[in-house]
Amino acid sequence: MALVEVRGVVKKFGDTTVLDGIDFDVEEHQVVCLIGASGSGKSTLLRCINGLEATQEGTVTVVGRKVIQDDIKLNRLRRDVGIVFQAYNLFPHMTVLENVMLAPVKVLHLSKSEAKTRARELLARIGMADKADEYPDRLSGGQQQRVAIVRALAMQPKLMLLDEITSALDPELVNEVLLMMIELAEQGMTMVVATHEMGFARDVAHKVCFLHSGRIIEEGHPKKIFTTPTHERTSEFLRRTLESGQM
Ligand SMILES: Nc1ncnc2c1ncn2[C@@H]1O[C@H](COP(=O)(O)OP(=O)(O)O)[C@@H](O)[C@H]1O
Ligand SMILES: [Mg+2]
């Protein structure tokens, strides 16, 4: 069974249909990239996968459990699914170490010393051990985003959802975050990545899904999508992306 199975999902906000019949699978250890213009539904799909949004039709199954709007079930789900957003959302009043320790203590009921050990190990792995006692506003955007990833990893999730996590960064800070994503992929982390970084999608993804108006209108191996897209809208999107220098 796939780690994520989305079947016939329809999501509406009022009268607006934002996801219009999505079928989508993610296998364990796969990196799947969601690409498409702004407003095509990438974030909404990610939010449906970890139950941040309720759906009107269809089913989402993650790690064998159906995603439903029930607090206990959603809490269980979110132990397995880490999510990182575009804007670094570290808690500003907590140090880096405290940010990374928080969920393992609160949700997994790790002792403080266990959580601290885990947090320090993770920070050391990304070369940020010396920042453990800093507050987030003392870090660069790239460092903050890397801490946000580590904070999600501290829960030892089975799946990571990354929503345009490099989009708000100054260009010179994008690479350090992409490198960390590549490393995670190499370690076998299952990831769904909404991104405008076409280089990452081309080089790292096992599968790329192109969204347009709430539908996946083309999906496949990046080699295929980027060289011989079958849908006119995909070629057009890629051409525009290429022109704007994002590839
Ligand atoms: N909470 C919301 N209420 C109403 N409309 C929303 C909401 N969130 C997203 N949308 C709309 O859903 C569409 C898809 O948005 P989104 O999933 O954020 O796309 P993307 O991430 O691809 O840019 C957009 O038209 C957006 O305006
Ligand atoms: Mg988005």
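In what order do the strands of the open six-stranded sheet stand, and what kind of pairing do they have? The order is E6-E7-E8-E3-E9-E10, and the pairing is mixed. Please keep in mind, as you look around, that this is a predicted model.

**The six-stranded sheet**

- The pairing in this sheet is mixed, along the order E6-E7-E8-E3-E9-E10.
- Its edges are strand E6 (81-84) and strand E10 (215-220); each has a single partner strand, so one side of each has no neighbour in the sheet.
- From one strand to the next, the twist averages 15 degrees.
- Strand E3 (residues 31-35) runs parallel to strand E8 (residues 190-194), and four bridges join them.
- To find this pairing in the model, look for Val32, whose bridge partner in E8 is Val192.

- Strand E4 (residues 57-62) and E5 run antiparallel and are joined by two bridges; Val62 has Arg65 in E5 as its bridge partner.

- Eight bridges pair strand E1 (residues 4-13) with strand E2 (residues 16-26) in the antiparallel sense.
- One of the residues to look for is Lys12, which has Thr17 in E2 as its bridge partner.
- Two residues lie between E1 and E2 in this hairpin, and Gly14 in the turn has a positive phi of about 60 degrees.

**Around ligand 1**

- The shell of residues around ligand 1 consists of Phe13, Thr16, Val18, Gly36, Ser38, Gly39, Ser40, Gly41, Lys42, Ser43 and Thr44.
- H1 provides the largest share, with three residues.
- Sorted by class, the shell has two nonpolar residues, eight polar and one charged.

**Helices that pack together**

- Two packed helices are described by the angle between their axes and the distance between the axes.
- The axes of helix H5 (residues 141-153) and helix H6 (residues 171-186) come within 8 Å and cross at roughly 20 degrees. An angle under 35 degrees counts as roughly parallel, and H5 and H6 are therefore roughly parallel to each other.
- H5 passes H6 in a right-handed crossing. On the H5 side the contact is made by Gly141, Gly142, Gln145, Arg146 and Ile149, and on the H6 side by Leu173, Glu176, Val177 and Met180.
- The contact of H5 with H6 has four nonpolar residues, three polar and two charged.
- H5 also packs with helix H3 (residues 96-106), at an angle of about 30 degrees and with the axes 8 Å apart. That angle makes H3 roughly parallel to H5.
- The crossing of H3 past H5 is right-handed. Here Val96, Asn99 and Val100 of H3 meet Val147, Val150 and Arg151 of H5.
- By class, the contact of H3 with H5 has four nonpolar residues, one polar and one charged.

Conventions
Residues are numbered from 1 along each chain as its sequence is written. Chains are lettered from A and ligands numbered from 1 in the order in which they are written. This is a predicted model: local features need pLDDT of at least 70, side-chain atom pairs count only at pLDDT 80 or more; totals for chains, interfaces and linings use all residues. Two strands pair if DSSP finds at least two bridges between them. Axes are lines fitted to C-alpha atoms, for helices over the stretch in contact, and angles run from 0 to 180 degrees between N-to-C directions. Angles under 35 degrees count as roughly parallel, over 145 as roughly antiparallel, 65 to 115 as roughly perpendicular and the rest as oblique. A crossing is left-handed if the near helix is turned anticlockwise from the far one by less than a right angle, and right-handed if clockwise. Two residues are in contact if their C-beta atoms, placed from the backbone, lie within 7 Å. Ala, Val, Leu, Ile, Met, Phe, Trp, Tyr, Cys and Pro count as nonpolar, Asp, Glu, Lys and Arg as charged, and the others, Gly among them, as polar. A residue is near a molecule or strand if its C-beta atom, placed from the backbone, lies within 6 Å of it.
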